[in-house]
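Subject: A structure for you to explore

Hi there,

Here is the structure I promised to pass on to you. Have a look at it first, and then read my notes below.

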Amino acid sequence: MREKTPRVVITFHTTAEAMATEKLCQSKALDGRLISAPRALSADCGIAWSAPLALRQALQTALGESGIEYEGIYELLL
C-alpha cells in the first residue's frame, strides 16, 4: 500500500476551470495532476487538482493572476 503524503487539493465549479488549471500548471512547470475529487470534499464538477503541499502559495498566485476561479483549496493526506 502506498504511503499517504500531505497534498494541496483544489476543487472547481466547472470542468473547464480544472482543465485550464492543468494547462496553466504545465506551462509554469508546477507539479501536480487532475484527480477525482476526494469524497471528503465537495466539488461541483467532480474533478480536483492535486499538488505537493509546498506549491500551495505558488498555485494560489498563479490561479489569481490567470483569473481561473476555484471552489476551494484544501490540505489533505492522499
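Let me begin with a term: two residues are in contact when they have heavy atoms within 4.5 Å of each other. In the protein chain, 73% of the contacts with a separation of 6 or more are between residues 24 or more positions apart.

Before going on, please keep in mind that this is a predicted model, in which local features need pLDDT of at least 70 and side-chain atom pairs count only at pLDDT 80 or more, while totals for chains, interfaces and linings use all residues. Residues are numbered from 1 along each chain as its sequence is written, and side-chain values use heavy atoms, with hydrogens and water left out.

The overall layout

The protein chain has two helices and four strands. Helices (H or I, at least four residues) and strands (E, at least two) are DSSP runs, numbered from the N terminus. Read from the N terminus, the order of elements is β-α-β-β-α-β. The radius of gyration of the protein chain is 12 Å, close to the 12 Å that the globule rule gives for 78 residues, so the chain is as compact as a globular protein of that length. Here the radius of gyration is taken over C-alpha atoms, and the globule rule is 2.2 Å times the number of residues to the power 0.38. The C-alpha trace spans about 35 × 25 × 15 Å along its principal axes.

The four strands form an open sheet with the order 2-3-1-4 and antiparallel pairing. Two strands pair if DSSP finds at least two bridges between them. Which strands stand at the edges of the sheet? They are strand 2 (33–36) and strand 4 (72–77), and each has a single partner strand, so one side of each is left without a neighbour in the sheet. On average, neighbouring strands of this sheet are turned by 35° against each other, direction ignored. For angles like this, axes are lines fitted to C-alpha atoms, for helices over the stretch in contact, and angles run from 0 to 180 degrees between N-to-C directions.

Strand 2 runs antiparallel to strand 3 (residues 47–52), and four bridges join them. Arg33, for instance, has Ser50 in strand 3 as its bridge partner. Helix 1 (residues 15–27) lies across strand 2 and strand 3, at about 25° to strand 3.

What is inside

A residue counts as buried under 20% relative accessible area, as exposed over 50%, and as partly exposed in between (1.4 Å probe, protein chains only). By that count, 35% of the 78 residues of the protein chain are buried.

In soluble globular proteins, nonpolar side chains tend to be buried together. A nonpolar core is a set of buried Ala, Val, Leu, Ile, Met, Phe, Trp, Tyr and Cys residues joined through side-chain atoms within 4.5 Å. The largest one in this model has 15 residues, and those with the most contacts inside it are Ile10, Phe12, Leu30, Trp49 and Leu59. Strand 1 (6–11), helix 1, strand 3 and helix 2 (56–66) each supply at least two residues of this core. Leaving aside neighbours within four places in sequence, Leu30 is in contact with Cys25, Trp49, Leu55, Ala58, Leu59 and Ala62.

Thr21 belongs to helix 1 and is buried, with a relative accessible area of 1%. Not counting residues up to four places away in sequence, Thr21 touches Phe12, Trp49, Leu63 and Ile68. Leu41 sits in the loop between strand 2 and strand 3 and counts as buried at 14% relative accessibility. With the neighbours up to four places away left out, Leu41 touches Val9, Thr11, Tyr74 and Leu76.

Some residues to look up

How many disulfides does the structure hold? There are zero disulfides, a disulfide being a pair of cysteine sulfur atoms within 2.5 Å. The sulfur of Cys25 is 14 Å from the closest cysteine sulfur, in Cys45, which is too far for a bond.

Leu77, in strand 4, is exposed, with a relative accessible area of 56%. The C-alpha atoms of Leu77 and Thr5 are separated by 5.2 Å, although these residues are 72 apart along the chain.

Lastly, find Ala29 in the loop between helix 1 and strand 2. Most residues other than glycine have a negative phi. Ala29 is not a glycine, yet its phi is positive, at about 55°.

Enjoy exploring!
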